Amino acid sequence: MLFPLYWMLDASFLSPNELVSTTPTWFPLHGTLSGYRDVLSSQGGHLLVSLIVSLGTVVVTLLISAPAAYGMAKLRVPGRRLLMFALLVAQMIPGIVMANSFYIAANDFGLLNSPIALILADSTLAVPFATLILHSFLRGVPDELSEAAAIDGAGRLRTFISVILPVARNAMITAGLFSFLFAWADFLFAVTLTTQDDHAPITVGIYRYIGANLTDWNSVMATGVIASIPAALLLILAQRYVAAGIGSAATKD
């Protein structure tokens, strides 16, 4: 599993002559940074678009999924079982079906080539998943916490913000991280909703860059490495919170 990642990193430092050599170069001792210089000059805008879209998706996802999960887990709202079933079904709809619908809607509202369209589209994948994770966790939060807050005079909203959210920190980080990764790795919605190259996220940028640079594998591999760095850093920094959030959701469901 890790070998393709190693080979991508290795090839990103090799010169074009070394890449086409019949003898593999396992360690780029005399590597070059020309591929990374080319990528940063041509793909920097795509990375910025992906960062905006991914962070926007996290914000929208948590703003919707956290109150929804709290309502279904603690407020005993009517139809919550049907809503949970609908969230499961929503994740089974083929992405291409949703992409066509999103294109028509974005075109009608003038949102093509806009980060807003990508944020809303990616949120349709992230919100159901995040809601299910948070719902499983919140079901295990003792009702006594909410009751104690109510005795102290806190309303539902104050209880949710001041009591429930701090307790659900690990689950919130887990849901936010997966939302970020969904948006960062999205290609289908990105290629459908962006018709102009300067508004495309990094996944589409890599796709079009490879098409135009099939002979320059040094730069192509450097593009893949740079596109992987944000996701890898997030996973490294948040891995203990993710493990705690997933473990808590699984044991408390």
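A salt bridge, as I use the term today, is a side-chain nitrogen of Lys or Arg within 4 Å of a carboxyl oxygen of Asp or Glu. What I am showing is a predicted model, in which local features need pLDDT of at least 70 and side-chain atom pairs count only at pLDDT 80 or more, whereas totals for chains, interfaces and linings use all residues. Residues are numbered from 1 along each chain as its sequence is written, and side-chain values use heavy atoms, with hydrogens and water left out.

Let me begin with the overall picture. The protein chain has 12 helices and 0 strands, where helices (H or I, at least four residues) and strands (E, at least two) are DSSP runs numbered from the N terminus. Its C-alpha trace spans about 75 × 45 × 30 Å along the principal axes. Of the 253 residues, 41% are buried, meaning under 20% relative accessible area, with exposed being over 50% and partly exposed in between (1.4 Å probe, protein chains only).

Now to the salt bridges, of which the structure holds 2. One joins Asp143 to Lys74, with the closest N and O atoms 2.9 Å apart. Because Asp143 lies in helix H7 (residues 143-151) and Lys74 in helix H3 (residues 34-74), this pair ties together parts that are 69 residues apart in sequence. Asp143 is partly exposed, at 37% relative accessible area, while Lys74 counts as buried, at 15%.

Arg208 and Asp197 also meet in a salt bridge, at 3.5 Å from N to O. Here Arg208 sits in helix H11 (residues 202-212) and Asp197 in the loop between helix H10 (188-193) and H11, so the parts tied together are 11 residues apart in sequence. Arg208 is partly exposed at 27%, and Asp197 is partly exposed at 40%.

Finally, which helices have axes that come within 9 Å and cross at roughly 135 degrees? They are helix H4 (residues 80-90) and helix H6 (residues 115-138), the axes being lines fitted to C-alpha atoms over the stretch in contact, with angles running from 0 to 180 degrees between N-to-C directions. That makes H4 oblique to H6, since angles under 35 degrees count as roughly parallel, over 145 as roughly antiparallel, 65 to 115 as roughly perpendicular and the rest as oblique. The contact (heavy atoms within 4.5 Å) is made by Met84, Leu87, Leu88 and Ala90 of H4 together with Pro128, Thr131, Leu132 and His135 of H6.
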